Structures are given as structure tokens and as C-alpha cells.
Amino acid sequence: MTQNRGVVEGYVKVAPVVVRDVEKATIDAAGIYYKHLNEAIREVVADGAKHVVLENVNGQRYLGTGVQAKGVKIDVHGTAGNDLAMFMDGPSVEIFGAAQDGVGNTMNAGTVTIHGDAGDVLGYGMRGGAVYVKGDVGYRVGIHMKAYENLVPVMVCGGNARDFFGEYMAGGILVLLGMNTQFADQPLVGSFVGAGMHGGTIYLRGTVESWQCGKEVGITEATEDDMATLKPVLAKYCEALGMDLDEVLAVPFTKLAPFSHRPYGKMYAPM
Amino acid sequence: MTTRPRYAEEASSKIHGGCGLMGICDESGTLMSGEDAILAMAVQHDRGNGLGGGFAGYGIYPEFPDHFAFHMMYHDLQAKEESEALFDRYFLVDLAEPMPTRPVKGISDAPLLWRYFLTPYPNKLEESEMSAEDYVVRAVMTINSSVDGAFVASSGKNMGAFKGVGYPEEIGHYFRLEEYEGHTWTGHNRFPTNTPGWWGGAHPFALLDWTIVHNGEISSYGINSRYLEQFGYKCTLGTDTEVAAYLFDLLLRRHKLPLELACKALASPLWEEIDRMPEAEQALMRSLRAVYGPGMLNGPFAIVLGFNGGMVALNDRIKLRPLVAARKGSILMVASEESAIRAVLTEPDAVWMPKAGEPTIARVKGMDWPIHGDLHLSPEDISCAVTGTDMSCETVEVTA
Amino acid sequence: MPVSFIQPEFKVKIDYDKCHKCGRCVQQCGWGVYNFNERPIPDDSKCRACHRCVTYCPARCISIEKNQLAYRENDNWSPAARKAVWRQAETGGVLLTSMGNPLPYTRIFDHLVLDACQVTNPSIDPLREPMELRTFIGHKPDSVEVEADGKGGFRLAEGAGMKNNLMLDTPILFSPMSYGSVSLNVHKSLAMAAQRLGTFMNTGEGGLHQDLYPYQDNVIVQVASGRFGVNQDYLNRGAAIEIKIGQGAKPGIGGHLPGEKINKEVSSTRMIPQGTDAISPAPHHDIYSIEDLRQLIYALKEASGYKPVGVKIAAVHNVAAIASGIVRAGADYVYLDGFKGGTGAAPQVIRDHIGIPIEIAIAAVDQRLRDEGIRNWASVIAAGSIRSSADVAKAIALGADAVAIGSASLMALGCHLCQSCHTGCCSWGITTQKPELTRRIDPEWGAEQLTNLVHAWSHELQEILGALGVNAVESLRGSRERLRSIGLDEQMNKVLGVKPAGM
């Protein structure tokens, strides 16, 4: 029989141990409740830290959420919890591990780089900045990404994606590579790609069947002009994740763009 | 007239809520203490609101492998007496004892918790012309619907459900789960939007050895429950989880559907997917969907069904609730969040997100596979569909 | 001849300052309201308020007003009741009328409201995510038996699975309306629309005109007591066969199409001589009891190679038990027609006072079939004043598999509910056989109108399902938990199986 150790706790509600080294701050997140962890992050950033390293992260929510600062880098070692970088405005966050659901939700600026897989509803309503994922992503990725004035969000996913990729998409650039996937024997992307899309562009490395796409989407081969737009995006992605740009470009891309900015203009009959 | 709650009619309408869940199964049959299940739920603490937590463990009563283990909740002694009178009438009671618990801060208002190890009286069983399972189901339905203040928390062999009002880690500690060892565990953290404060309303929901933990809400509850009523199930608890448990019982045990097809009936492929299937499969899927349409679970859900012999995790058909799966050696684990898995399994061989509507199945080696339709399948017939690992797992996902 | 006591119901007003004197009103009116003598002169007594002349007047100078003639106040003896007495005293006749029951009975649909998701479960966006309306009408087994296919998968066991069902892309069919009661162009419009919509039109009891053969896969052929146009070829052509026992507007009575409507085309379609009355007996004289119904159902199945056979009945007091009997007799669907259903001609007393509302019939039948464990054996089609997609959703939530629309589909073709179908003078060219009137409906245009209507309702139904957080119509079907009532009494709530709002 196992010894009684008291109630098992997922997280403890105490301030984490912070080690400062000039502009660098290292925080041990092991078993720290998200509220106390995020408080510590905000404190060190306010205190001038430019490089925040989070060790032993596992499931803490809201990392980088609402942080409004330029030139700050946050490294996450472990599995980032839900709503990573939500509303984030400026910092760059790098996850050496996987991310869960809701990364970059309504994000405004900054960069999120994920060295593993990411979950569902990635970049929901994202208005600016960049999200780079090395591996597979889940359902409803890039949903309702939008662009506004000089804000153009970019998302590049290195693995496969599931259904509803780019659903309701209203702006920005969404790219899927199908390279670093656990599901090499499955299609690059699921069904309902770009369903309700009315702005922005989706690029797929490879091909897609028209039945996989929403009826609002036009499917074409990417032209030279398209590739001229895409290449710098991919170059940054490769740099961030240590991938070979030539290998990425070795397969032709398919471009998905909406037929109309107003797909439902004719659906209603005023009384 | 009594003022005691009629437990089974506690909720006259559907209770709404969200949740977090986990399931773990060692397919080699190696036993794990309940502590890992508690840890996985503790990491998902914020998915609940302290109004419900619970666990199910399988293989936990090796000293009574062939007895139906009844975990009972009583509002008062009268409920206990009435239920025990019913047990005495229909079953041979080999052991009756209070559930072992310990005081835990935050856990209060516990009902009287008792457990019984029962076998049906052979002559009465024969008279009833029912299978032992149906005989037990009838007893469960009778107690839940007609004994005021009594509720059957679980009723299967060599398994049990442990649940109550509180956070799951508190409930697990309260029930001393670290003292039990099982090959399969499921756990649940509940976030009901009303406050019934009722222990029976927590997950897992159990019937025989089927247990369900469930995240999400089954928007088709209204027709699912009416459909089940045609087959004698009484859906009076107001939890959509209840209908999921009964539907599995109906499809697997009574209609003898293979597990993967039962999952397809409950989380049907879209018609346009069916229309693209080869002809024979199309005919099967059309029939399955048209016949079991009233049973289709519609709305967001992730569920883990536990049973003697393994577990299956399933998502709704358009993936509206989270579910992550992982494998490490012979262990298959699922949870609402990857962090729950990582808290329990260090360096898993593979972590992946199951596809919407496609079951992730763990099967304990050497145990009778209780899913009737699968009995004719040899292990070679079952394809290993999990990628990202080169392990030749015996069974993970059955593909049609 | 003595004067009639009955004063005109409407007044036709013409603004002669605007009138072009073009005579189009004279030409458009099917009832001969207008005389032309330098300018159109209306005879108010002939007006049916069908608005054909109003719609087509190029000067927009015609209006139809209620005759505001005052009657001495009497809540008991309404003007309509007085007129009925005067009419019958004058003629000694049974009062004949058409379309559905217009009396102010409680409209139960208008006392039911639907649910929607908020927070605890998500509503679903029907424009971008799948929202499935596909519906199968017919017998379904209680369970599906499967066997291993030897390749690691499964297939249907020999003889198992669903057979011979009608597949609908939307749970809305067109009601039976016979060729004879409506024009051939109406039939063509319905057939073309049914094909485009992936649903079914229904011949009614007047046979299948050869012009509809190209659409026969979307046509249900009806067998009624008159057996008009019924032969082996007819049964072979239909996608399904329907035995008509009764009609919501006139339960328990037969009917007749007067000889003057039996022109050459109607005659050949009904397979009866030109100019003779087409009489439909009140009962089928081979069905005096339920076992006889079974005999006819299986005769039709044998003859047709086991096509689905449905039975249409009027909703009457004992509808649940009757429907149960019909299902046990082997019907693949039961078509329930509520007491507000339309008709091409019916005695007013029957139309207005016999039968029960469709909402109650659906609830009673669905519950009864469930109680008996035979709900899967047959589908339930509900009709009898389905006025909108909201009615469709509520009928389905109460337990109908699909609905059928008659009056609404005729309205899509111009019908203004003037309740004068029985005159055969329909100015809109719908319920008439006069060539100068029937050509007013171009089947291509008619099909588009009908397609538009059903598309719009289907869209709205998808919106409702999305709000309910389900993405397939089978998850609404019979889900009375998603309905609440407002202003119905406890007894009625019990009958309908719905809770009052707030519970």
C-alpha cells in the first residue's frame, strides 16, 4: 500500500523561484499555479528583463497573454498551457515543446515559435504578428484570422492540419507544409478548408481536393508572384525553426483565395 | 410521505456543464495505483469548479473478481435499509461494508457510502429468464427510480466508481484511491453550471462495468433520452452522460455492435463523407446512421468509456471538445490537456490528437474483450493506426 | 326571381383618374368581375379578393376593400353564420369551400418556442460548418447486424440494414394534390422542383401524366379510393406508393371532380372517359378494417418490387392508435394530415369542424410508436398547415420525420388563399383546367419559385439547428426538450410532451 501523502496537487499557489542574470531571468515553473507564474513574468519584464526563460512548464495557462512589450523574448521549456500568447502585443515567445489549444488567440503583434505540435483553434481572430509551428496542428487553425491597415498576421504550420483550416478567414497569410508530421499517411489537411473564407490567402505545400474546401474558396497553383510573396515568409519560418528553405520550396504550393469578400451578400431577403 | 430526495429524480431537466477528463490503461495488465489518475486530474484543476470529481478503476477488487460490486450512496439509514432489503431479495450478499474514506478539508455533506459484493440468486436469475447483466441492470434501475434517497454509483465486476462533490484530487484523496490498484483508470473534473450539490451527479456515470467520463454537452439529449426510453432505460438523472452510458450498453451489449461501429453510430461520419466511401461501407454507414440517428450524440463532447478489458476515448464528429492521446510502452493515456499526460508519463513515445469521431482504443492483453461484435476478430485483424511510434501495439485503433 | 340576402364580401375600387382603360383587369379576372364599357366596370358580388387584377394592373389603380356594411352586433350570429343560413335557404345545398380551415382555433405552433445554445454548449455556424438535413423516409430495422468482412472491417450481415427508403435532401416534401384539382403546369412545376431539391412531389389521386415521367424518381404515386390512373405502369414509375385514406380538410368523406373538369388530358391521366364525374368513394371498398389495409399494403409491395408504401390519414381523435395499427400493418410511413390542411373542394362543415390539429397528432403518434417500441418501423410525415420553417422545426421537434407542404407550395405559385379552388376559375391558373388560365403558370418559372421557397426554408432550418447546437436534423427530431410552450394549459403540455417556458 502506498503511503498517504495528502491531497495530490497539480499546482501550488506560491511565487516561483526567479534567478536574475542582468537582462535574463530564469523562472522554475515546476508545479507553480499559472497566476503566480504569470505574475512573476510580468514583474521581471517590468523590472527590465529582456529574456525570460521558463523551465519545467507543464500546462500553465496564459503564458505571454496580454504582455505588451517590444524586444522581450520568453522561452518556454515544457508543454505550454491553453491560451498561450492570447492578446499578446509585441514579445516573442519560443516553446521548446508542445502547445495546447488556443495559441495566439486575438494576438496583435509579436512572434510565437513552437518546436512541437499545437492544438485546436490556433490563432483565433489573430490580427497581427506571426505564429510558427514545427509540427502538426489541430482543428480550426487560423480561424477568423484578419488583417487591418498595416497589420497582416502570418501563420506557418509545418505538419498536417485537421478540419476547418482557415475557417472564416478574413485576412493574413496562412501556410501549411505537411512536412514534420506524425500522420504522414494521412491527407495534408482535413475537410472544410477555408469554409466561409472572405479574405487573406492560404498556401498549401502540395495539393488539395476541391471537396475538402469550402465553397467560398478558389483553388489555384501558386504563381511566381505568389511565391515571391511567400518566400520571405517561409525564409523567416525556416530561420526560426532551423529548417531548410530549399527543401520547403521543393514541392509546388497550392493557393486558396476567396471568390468574394462578401460571400453572403445575396443570401438574405429583406422584408 | 418522505422529505428525502428521490435521488434519481434530483434533476428533472438536463444539467449543463463543462469539464476535464482523463483515462489511462496499461494494456499489459500491469496494475497502477489510483494516484496517477488523481495527479492527471489535479493538473486539470481549473477545468472544474469544485462541484464534482470522480474516478473509475478496473481490476481493483481481485479478491471478488466475479461479484457485482455495488457502490452505493444513501441519504439516510432508511434508504440503506430499503436498498439492502432489495439486495437480500435478489442477491447473495457476500460482503457489505462502508467505503473506506478519510476526512478531507473541503469535502462535506457526504452521503452514507457503502459497498456490496453481490451475486444473483441462481434460482431467481433463472426465473427471470434474463442474463445476469440484465438482472443487475433491472436492480439498478429499480433502486435509482424507486428507492428514495438511494443511488447506485457503480455496479460492475472487479471495478468501481468513486465520486462526489469536490475537486477530483480531493475526492480521490477522500476515497483513498492510492490504496487501490487497477489496470485502467478514468477521471473527471466537473464544472456544472447549476449547483445541485449532489454526489450522484458527479462522473463517472456507471452501469454494470461501463463507466463514462464526459466533457462537453450533448445537445441531442432530448431525443437520445426518448430513444433510450423505448428500450427500457430510465433517463431521470438529467445528465447527458447518463444517455452516453446507456447508449453504449444498448449498442455494445444488447445490439452486439462492434465497438468501432458503435462509436460510428454515436459520432457519425458526415453524409458527404459517407457518400465518398466504397459501396459496401456506404451501405453499412447509411444504415447505421439512419437506424441509430436518434441515438447519435450531437454537440460538443469528449468521452472516455471504461470497461473490464480496456477503454475507448471518443470525440464528437466535428471536434468541439479537446482530447489528446499518448502512448508509452504498453500504456495508453488520454486527457483533455497534454499537460495532464506529461504529468503522469515522462517522455512518452508518442503524443497525438485523435481525429474527430474516431475512437482511440486500449485493450488489456489477455482479458476477455467484452465487446461482443469483436469476439470473432483475431489480433491480426486489428490494424494499428497510431503513427509516430514504431511499436507494434496489439490494439490501438481499429479502422474499418 | 327574388333578390339574394347575401351582400358582396368585397368592394372593387378603381381610381379612374389613373386607369389606362387597357382592359387588362377584364382579361386577368377568372371570375368575370369586370365588364368593359369604355372603362372597366366591376361587379363586386363576383370578386374573390384573389388580387390577380390588382397585381397585373399596369396603372396600379385597383384596390379591393372589405365591404364595410354594418350588421347589427351579435357575437353569436356572426355575419358569416348569417350568410351561411341565407345561402342554404336559397339553395338547399351543402356549403362547398376550399383550402384549409380558417376558423380561429388555437394555433399550437404559435404557442411553442425553440431553444438555443448559450455558453455551456456552442451554437454552430450553419453557413460554414456542416449542417445536415438529409432524411430517410421508410422502415428502419431496430438494430444493424454486421459481420466481419475478412479485411479487418465490417459489412452488413446478409439481409441486414436499411432498405427501400426515400432519401430527401431536406425534410420537406410537396403534399399530394391531384392533376384535376390543380393544373398540369402546377404538377410539372412541383415535379421539376422536387427533382432539383432532392425531395418528392406527390401525384395525389389523379394519376401520373406522361409529361411527369422524366421526374418519376422524385414522385410518390397515390392510390386512393377512386383508383384513378392506377395500373401496373403507374406503380412501377413512382418512387414510393401512398395509400390515401383521408385528408385533413375532409376526414371521412370522399369527393368528386365534376365532369366539366375532365378534359382530354385529365381523362387520359385518370383513365376515365371525358366529361364524366370522377367519384372518389368515402372509404376504400377493399379496406373495411386494419387487416384489409395490410392486405392492400402488401399487394402494392408485391406489385412494385417492394417500394416503400405509405398511408395518408387525416388526424382524428384516435390518431395514435390508428397510426400504430398502420405501422403494424407494414406501412413504411404514416402521413398525418392535420385539420388545417388544404383541399381543392370540401363541404365547409367538414373542413371547419372535423379533425384535430397536426401538432397534437404528431405528438400523440410519435409517443405512441415509441411506447410500443415501433418508432423505427415507419417514418412520420406531418402536414396540415405548415406555414414557415419555424413550423417545420417545431413539427420535427415534436417527432415528425418530415413535413409536407401543399398550401404554401401553391402560394409560391401565386395562390392568395381566396378559398375558391372548387370553382375551377382560379385566376392564377392553379386550380383550374381552363387553358387560357392554366397557361399563366410556366412550369420553369413555377419550379424556380418552389425551389426558392424550399431552399429558403431549408436555410432557415439550418440556422435553427445551428442555434440549437446540433448539426444534423436527426438530433432535433423528437427532441421535445428543445421546445417550450407559452400560454398552453397543463393538459395540453402533457399531450404535447413539452414543458412550459421557464421550466
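Guide: With a definition: axes are lines fitted to C-alpha atoms, for helices over the stretch in contact, and angles run from 0 to 180 degrees between N-to-C directions. The model is predicted, so local features need pLDDT of at least 70 and side-chain atom pairs count only at pLDDT 80 or more, while totals for chains, interfaces and linings use all residues. Residues are numbered from 1 along each chain as its sequence is written, and chains are lettered from A and ligands numbered from 1 in the order in which they are written.

Visitor: At what angle do helix α11 and helix α14 of chain C pack?
Guide: Helices (H or I, at least four residues) and strands (E, at least two) are DSSP runs, numbered from the N terminus. Here α11 covers residues 389-398 of chain C and α14 covers residues 443-468. Their axes are 9 Å apart, and the angle is about 55 degrees.

Visitor: What does that make α11(C) relative to α14(C)?
Guide: Angles under 35 degrees count as roughly parallel, over 145 as roughly antiparallel, 65 to 115 as roughly perpendicular and the rest as oblique. The angle of about 55 degrees therefore makes α11(C) to α14(C) oblique.

Visitor: Which residues of α14(C) does α11(C) meet?
Guide: Two residues are in contact if their C-beta atoms, placed from the backbone, lie within 7 Å. On the α11(C) side the residues are C:S389, C:V392 and C:A393. Their partners in α14(C) are C:W457, C:E460, C:L461 and C:I464.

Visitor: How many residues of that contact between α11(C) and α14(C) are nonpolar?
Guide: Ala, Val, Leu, Ile, Met, Phe, Trp, Tyr, Cys and Pro count as nonpolar, Asp, Glu, Lys and Arg as charged, and the others, Gly among them, as polar. The contact has 1 polar and 1 charged residue, and the nonpolar ones number 5.

Visitor: How far does α14(C) reach from its first C-alpha to its last?
Guide: The expected span is 1.5 Å times one less than the number of residues. For the 26 residues of α14(C), 38 Å is expected. The model comes close to that, at 37 Å.

Visitor: Which element gives the largest share of the side of chain C that touches chain B?
Guide: In this interface 41 residues of chain C are in contact with 44 residues of chain B. The elements of chain C that give two or more residues are β8 (146-148) and β9 (154-156). The largest share, 3 residues, comes from β9(C).
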